[in-house]
Amino acid sequence: MNTLTPWFQLIRLPAVFTLLADTLMAAFVVQSLRPEVPTAGLVAAGIGAVFAYLAGMILNDVHDYPEDCVLRPERVLPSGKISLADAKRAGYVCLILGLAGFGIAATRMPENGAFVFLPALFLTLCILAYNTRLKETFCGPFLMGACRGFQIQAILGFTAGMKVSLGLVPLAIATYITGLTFFARGETHAAKRPGPFAMLLSVLLMTAGVGMLYPLVEGMPAEQVVVLLAAEPWRWTMLIVFLAVMVFFRGIAATFAGPVAVRQMVKRSLFNLFFLDAAITFALCGLPCACVILALMIPASLAGRSISAT
């Protein structure tokens, strides 16, 4: 366990469970809408998503290594707990395995293969672009959001051809993560910290990401929505409004409370993905599947006691 702990720190283990929530949400939706999709294909896509995410997290710290040596020498790579060379190898191996997983998934249902593999290819390119040249630029947060969006879309690709509003799901999550990534820049030291106006815009972007889910239920055929929401769609409206208001006011409060509060808000906002994914899953797949998503908060919270999620 002592040997694995630095790797758990490097991949931000608590955050990995948010990726699992995204992946399970997409898989549950696919199974609900297209039960003929082979389980092996969904499993392969899920494995691909996990490896791609691990690659992104590892290569992120590889990219930050020169800066961390000066500003954050206690981190895993600058402290020598894991060598830079080992981290690079692990990152690129995970990237290859991630793309391979999606490739295998695409072959399980050839008629939808392109809709699975092409988003996975774009996901890979976004990971490379973010972790080589564009992380510190204005485009960086958009690439981070795109990574989440393409990861979800690669799995939802199995539903290609269905006239449903599923495109809102990866777009909403991508927008939310983009805003969160901009917001997270506020937890850095003063020289790089955005001003209050920029922080406010990032909070609005997160809130907009939540709001994008509002048309999801109305855009789906009634038989593909849980009976409760199909009969009383105002319940979905209230749920989305509640989640959006929570994100907005918590973000505003943290903006004016300093970097420590921002850091705490970043973790809470990341964990909000459990609620967003559970809400989507509940709307299209039912309460039991949504509870599985929410249950992932338990290991994420336990891991977060000793390992940072951001």
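This is a predicted model: local features need pLDDT of at least 70, side-chain atom pairs count only at pLDDT 80 or more; totals for chains, interfaces and linings use all residues.
Start with the helix pairs. Two packed helices are described by the angle between their axes and the distance between the axes.

Helix α5 covers residues 113-134, and helix α6 covers residues 140-156. Their axes lie 8 Å apart, at an angle of about 160 degrees. Angles over 145 degrees count as roughly antiparallel, and α5 and α6 are therefore roughly antiparallel to each other. The crossing of α5 past α6 is left-handed. On the α5 side, the contact is made by Phe-115, Val-116, Pro-119, Ala-120, Phe-122, Leu-123, Cys-126, Ile-127, Ala-129, Tyr-130 and Leu-134. On the α6 side, the residues are Gly-140, Leu-143, Met-144, Ala-146, Cys-147, Phe-150, Gln-151, Gln-153 and Ala-154. What is the make-up of the contact of α5 with α6 in nonpolar, polar and charged residues? There are 17 nonpolar residues, three polar and no charged.

Next, look at the loop between α5 and α6. Phe-138 sits there. Phe-138 counts as exposed, because its relative accessibility is 59% and the cut-off for exposed is over 50%. The model has six aromatic pairs in total. One of them joins Phe-138 and Phe-142. Their ring centres are 5.4 Å apart, and the planes stand at 55 degrees, a tilted arrangement. Phe-142 is partly exposed, with a relative accessible area of 41%.

Phe-138 has a second ring partner, Phe-182. Here the centres are 5.5 Å apart and the planes are at 45 degrees, so this pair is tilted too. Phe-182 belongs to helix α7, residues 168-184. The pair therefore ties together parts that are 44 residues apart in sequence. Is Phe-182 buried or exposed? At 16% relative accessibility, Phe-182 counts as buried. Taken together, ring pairs link Phe-138, Phe-142 and Phe-182 into a cluster.

Now move to α2, residues 13-33. The phi angle of Arg-12 is near 55 degrees, a positive value in a residue other than glycine. Arg-12 counts as buried, at 8% relative accessibility.

Within α2, consider Thr-23. Its relative accessibility is 9%, so Thr-23 counts as buried. Which residues does Thr-23 touch, not counting those up to four places away in sequence? They are Gly-46, Ala-49, Gln-151 and Ile-155.

The crossing of α2 and α13 is right-handed. From α2, the contact takes in Ala-21, Leu-24, Met-25 and Phe-28. From α13, it takes in Cys-289, Val-292 and Ile-293. The contact of α2 with α13 holds seven nonpolar residues, no polar and no charged.

The last pair here is α11 and α12. Helix α11 spans residues 234-255, and helix α12 spans residues 259-285. The angle between α11 and α12 is about 175 degrees, with the axes 10 Å apart. α11 and α12 are therefore roughly antiparallel to each other. The α11 residues in contact are Trp-236, Leu-239, Leu-243, Met-246, Val-247, Arg-250, Gly-251 and Ala-254. The α12 residues are Ala-261, Val-262, Met-265, Arg-268, Asn-272, Phe-275, Leu-276, Ala-279, Ile-280 and Ala-283. The contact of α11 with α12 divides into 14 nonpolar residues, two polar and two charged.

Stay with α11 for one more residue. Ala-244 lies in this helix. Ala-244 is buried, with a relative accessible area of 12%. Setting aside neighbours within four places in sequence, Ala-244 is in contact with Thr-207 and Val-210. Its C-alpha atom is separated by 7.7 Å from that of Ala-208, a residue 36 places away along the chain.

Notes: Residues are numbered from 1 along each chain as its sequence is written. Side-chain values use heavy atoms; hydrogens and water are left out. Axes are lines fitted to C-alpha atoms, for helices over the stretch in contact, and angles run from 0 to 180 degrees between N-to-C directions. Helices (H or I, at least four residues) and strands (E, at least two) are DSSP runs, numbered from the N terminus. Angles under 35 degrees count as roughly parallel, over 145 as roughly antiparallel, 65 to 115 as roughly perpendicular and the rest as oblique. A crossing is left-handed if the near helix is turned anticlockwise from the far one by less than a right angle, and right-handed if clockwise. Contact means heavy atoms within 4.5 Å. Ala, Val, Leu, Ile, Met, Phe, Trp, Tyr, Cys and Pro count as nonpolar, Asp, Glu, Lys and Arg as charged, and the others, Gly among them, as polar. Rings of Phe, Tyr and Trp (its six-membered ring) pair if their centres lie within 6.5 Å; planes under 30 degrees apart count as stacked, over 60 as edge-to-face and the rest as tilted. Buried means under 20% relative accessible area, exposed over 50%, partly exposed in between (1.4 Å probe, protein chains only).
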